[in-house]
Amino acid sequence: MKSYRAELWFNTKKRKELVNITPQVAEAIRKSGIKEGLCLVNAMHITASVFINDNESGLHQDFEEWLEKLAPYGKAYKHHQTGEDNGDAHLKRTIMGREVVVAITEGRLDFGPWEQIFYGEFDGQRRKRVLVKIIGE
Ligand code: ZN
């Protein structure tokens, strides 16, 4: 069995952003040389997510509005008693998830229809990273 590890780095312009990282993950699979296996992609920060959904801008706005209703920015979260100001980002991250696992078949991401991988940033404007770990043959 082979294994391959890569880090993807982000520094978003806005505090909140959704970034399609499918091309970077596909590139990591290509570099790994693995044709049959599994690919794990996870955010390495507790205020950012990795999730799979449709690459459709209306849906992305729906996500942002829905998350803002569930965990509004600027509310007096108990977490802020530690001196932090990102309670909303921790909650948004938990709802949207930490990681995805995608099968690799014949050297490609074995997606269902319209599936794409996204990095969800909820407390950005600083350097943060995503781990890509690939195992297989
Ligand atoms: Zn925090």
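Me: Leaving aside neighbours within four places in sequence, which residues is Asn 42 in contact with?
Reply: In this predicted model, Asn 42 contacts Val 50, Arg 98, Glu 99, Val 130 and Leu 131, with neighbours up to four places away in sequence set aside.

Me: Where does Asn 42 sit?
Reply: Asn 42 is in strand β3, which covers residues 37–43.

Me: Buried or exposed?
Reply: Asn 42 is buried, at a relative accessible area of 3%. The cut-off for buried is under 20%.

Me: OK, the sheet then. What is the strand order in the open sheet of 3 strands?
Reply: The order is β2-β7-β4, and the pairing is antiparallel.

Me: Which strands stand at the edges?
Reply: β2 (17–20) and β4 (48–53) do. Each has a single partner strand, so one side of each has no neighbour in the sheet. From one strand to the next, the twist averages 25°.

Me: How many bridges between β4 and β7?
Reply: There are 6, in the antiparallel sense, with β7 spanning residues 116–121. As for residues facing each other, Asn 53 is opposite Gln 116 of β7.

Me: Switching to His 90. Which helix is it in?
Reply: His 90 belongs to helix α3, residues 87–96.

Me: And why does His 90 count as buried?
Reply: Because its relative accessibility is 18%, and buried means under 20%.

Me: What does the His 90 side chain make a polar contact with?
Reply: With the side chain of His 79, at 3.0 Å. Not counting residues up to four places away in sequence, His 90 touches Ile 46, Thr 47 and Glu 84 as well as His 79.

Terms used
Residues are numbered from 1 along each chain as its sequence is written. This is a predicted model: local features need pLDDT of at least 70, side-chain atom pairs count only at pLDDT 80 or more; totals for chains, interfaces and linings use all residues. Side-chain values use heavy atoms; hydrogens and water are left out. Helices (H or I, at least four residues) and strands (E, at least two) are DSSP runs, numbered from the N terminus. Buried means under 20% relative accessible area, exposed over 50%, partly exposed in between (1.4 Å probe, protein chains only). A polar contact is a pair of N or O atoms within 3.5 Å; within protein, one must be able to donate a hydrogen and the other to accept it, and residues adjacent in sequence count only if both atoms are side-chain atoms. Contact means heavy atoms within 4.5 Å. Two strands pair if DSSP finds at least two bridges between them. Axes are lines fitted to C-alpha atoms, for helices over the stretch in contact, and angles run from 0 to 180 degrees between N-to-C directions.
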